[in-house]
Amino acid sequence: MKIYNTMTQNKEEFIPITPGVVKMYVCGPTVYNFFHIGNARTFIIFDSVRRYFEYRGYKVEYVQNFTDIDDRMITKANEDGITIKELGDRFISEYYKDADGLNIERATANPRATEYIIEIVKFVEDLINKGYAYEIDGDVYYSTKEFQAYGKLSGQDLEQLESGIRINVDERKKDPMDFAIWKKQKVGEPGWESPWGMGRPGWHIECSCMALNLLGETIDIHAGGMDLVFPHHENEIAQSEGRTGKTFANYWMHAAYLNVNNQKMSKSLNNFLTAREALEKFDAEVIRLLMLSAHYRTQLNYSMDLLESAKSGLERLYNSIENLQSLLELSKIDNLKDDENQYMDNLNSYKEKYIKKMDDDFNTADAISVIFDLIKDVNINLNIHSSKEILKYSLDLIRELGGPLGILQKSTKVNLEDEIEKLIEKREKARKEKNFQLSDKIRDDLKAEGITLLDTPQGVRWKKA
Ligand code: AMP
Ligand code: ZN
């Protein structure tokens, strides 16, 4: 598999630190509000990256943080007259509702900055002891000049960076590029005890600290939106590598923006649509299809029309799935016919093409085209005279290829009830034969679909959660 690495600006072969395992850290949301579909694009992209690694047999340790202390959190909590803890709790729970709604798989861990204060203080102390940071009157700054490689991710050297910033910065800093890793408590702000008095962590330090604690000194992939390359990720590298002396992340992945009228969708520009609003009008799979229909390093200009066309695209895919399901019911031939062997090879060639596209830096745009080509082919070539085996194979393949993208996973309504009844019958048979492994699996599979089986005196009943 090849991944475009922002650090080297090249596509590189992916070689994990531990064979078969991917350690991945994705910068998550600041939990002061609902997230918008711009944020959702980044979350969906990396969810698909994770799902694809899993599809290819990797175990993925996926960490995405919640920033629950920063200026925006403090301002919003003060406005609402609640604590930052209450604000964080509320919007973390809203985050899960929307992220689950978008079929984003739960991360292995979602650490909160405020739960890592002790570790962050230790991190800051270590940087001071190593000469990478200095304290001035309760604030602690990272000394960028001490870190030789500062600027390596964004491809700039310190002088270029300095000439690019307006110098209305804190006079007390040794260098304008130095950044706060610990901030002294101000009136009306929350604070935690530290060797430098009451204060709170700077933004960048939380990710360095939580990545280290949850994934180790060197991780495979660090990811986030393009806006994080500088300064956030540059500063994370300075902190982490300053502390450990090891490479922080082997691959840096950055997702391009979702734009509105060629401007980044953002809260500050007030040009956003929340994920919640989008989900009220469109199915999660429509939103995912739209977000993944462009390569992740290409900007995507959002419009309602694009969502509408993703909706009709998804309908075409589901029509084909439903059509195959009906044919499967109607077909009288169980096993593969001789002349279908070749068609089986043809189906497999779509899978190969799909894998080739996804292996090439997660080209979801081309992978989606492969799925559309596949359904076109199936629509033309399979019919009532096809065997159940080839029909089932095609159906499974379409769903399989949708898996890493988080689409085509819905049970289709037409056959839902029949399907459940059939599975119940199969489970009854398994139970009679004392094949409890199979009967339990069927019950669990149904449960995963939200279907609960009830054993009643009148026989097995089912209900949808
Ligand atoms: P924030 O809550 O602003 O810290 O953002 C959370 C994540 O969403 C970060 O990875 C950002 O880079 C990403 N993000 C923010 N706005 C957009 C956008 N318009 N398009 C894509 N990703 C975005
Ligand atoms: Zn981060």
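This is a predicted model: local features need pLDDT of at least 70, side-chain atom pairs count only at pLDDT 80 or more; totals for chains, interfaces and linings use all residues.

Biologist: How many helices and strands are in the protein chain?
Modeller: The protein chain has 15 helices and 15 strands, where helices (H or I, at least four residues) and strands (E, at least two) are DSSP runs numbered from the N terminus. Its C-alpha atoms fill a box of roughly 80 × 50 × 45 Å along the principal axes.

Biologist: And which domains does the assignment give?
Modeller: The assignment gives domain 1 (2-255), domain 2 (304-400) and domain 3 (416-464), with bounds that come from an automatic or database domain assignment. The C-alpha centres of domain 1 and domain 3 lie 46 Å apart.

Biologist: Switching to the ligand, which residues are closest to ligand 1?
Modeller: Ligand 1 is surrounded by 18 residues, and the closest are G38, T42, D227, L258 and M265; a residue is counted if one of its heavy atoms lies within 4 Å. Helix α1 (residues 37-55) gives the most to this shell, with 4 residues.

Biologist: Where do the ligand's oxygen atoms meet polar atoms of the protein?
Modeller: An oxygen atom of ligand 1 is 2.4 Å from an N or O atom in the side chain of D227, while backbone atoms come in at 3.1 Å for T30 and 3.2 Å for G225. Ligand 1 taken alone exposes 490 Å², of which the protein buries 92%, with areas from the Shrake-Rupley method with a 1.4 Å probe.

Biologist: What about S208, buried or exposed?
Modeller: S208 counts as buried because its relative accessibility is 0%; buried means under 20% relative accessible area, exposed over 50% and partly exposed in between (1.4 Å probe, protein chains only). S208 is found in helix α6 (residues 203-215), and its side chain makes a polar contact with the side chain of Q239 at 2.9 Å. A polar contact is a pair of N or O atoms within 3.5 Å; within protein, one must be able to donate a hydrogen and the other to accept it, and residues adjacent in sequence count only if both atoms are side-chain atoms.

Biologist: How many disulfides are there?
Modeller: The count comes to 0 disulfides, a disulfide being a pair of cysteine sulfur atoms within 2.5 Å. C209 is in no disulfide, as the nearest cysteine sulfur, that of C207, is 9.9 Å away.

Biologist: Last topic, which peptide bond is cis?
Modeller: The bond from F230 to P231 is cis, with omega near 0 degrees, and P231 is found in helix α7 (residues 229-244).

Biologist: And what is the phi of F362?
Modeller: F362 has a positive phi of about 55 degrees although it is not a glycine, and F362 sits in the loop between α11 (341-359) and α12 (364-381). Most residues other than glycine have a negative phi, and most peptide bonds are trans. L408 has a positive phi too, near 60 degrees, and L408 is buried, with a relative accessible area of 0%.

How values were computed
Residues are numbered from 1 along each chain as its sequence is written. Chains are lettered from A and ligands numbered from 1 in the order in which they are written. Side-chain values use heavy atoms; hydrogens and water are left out.
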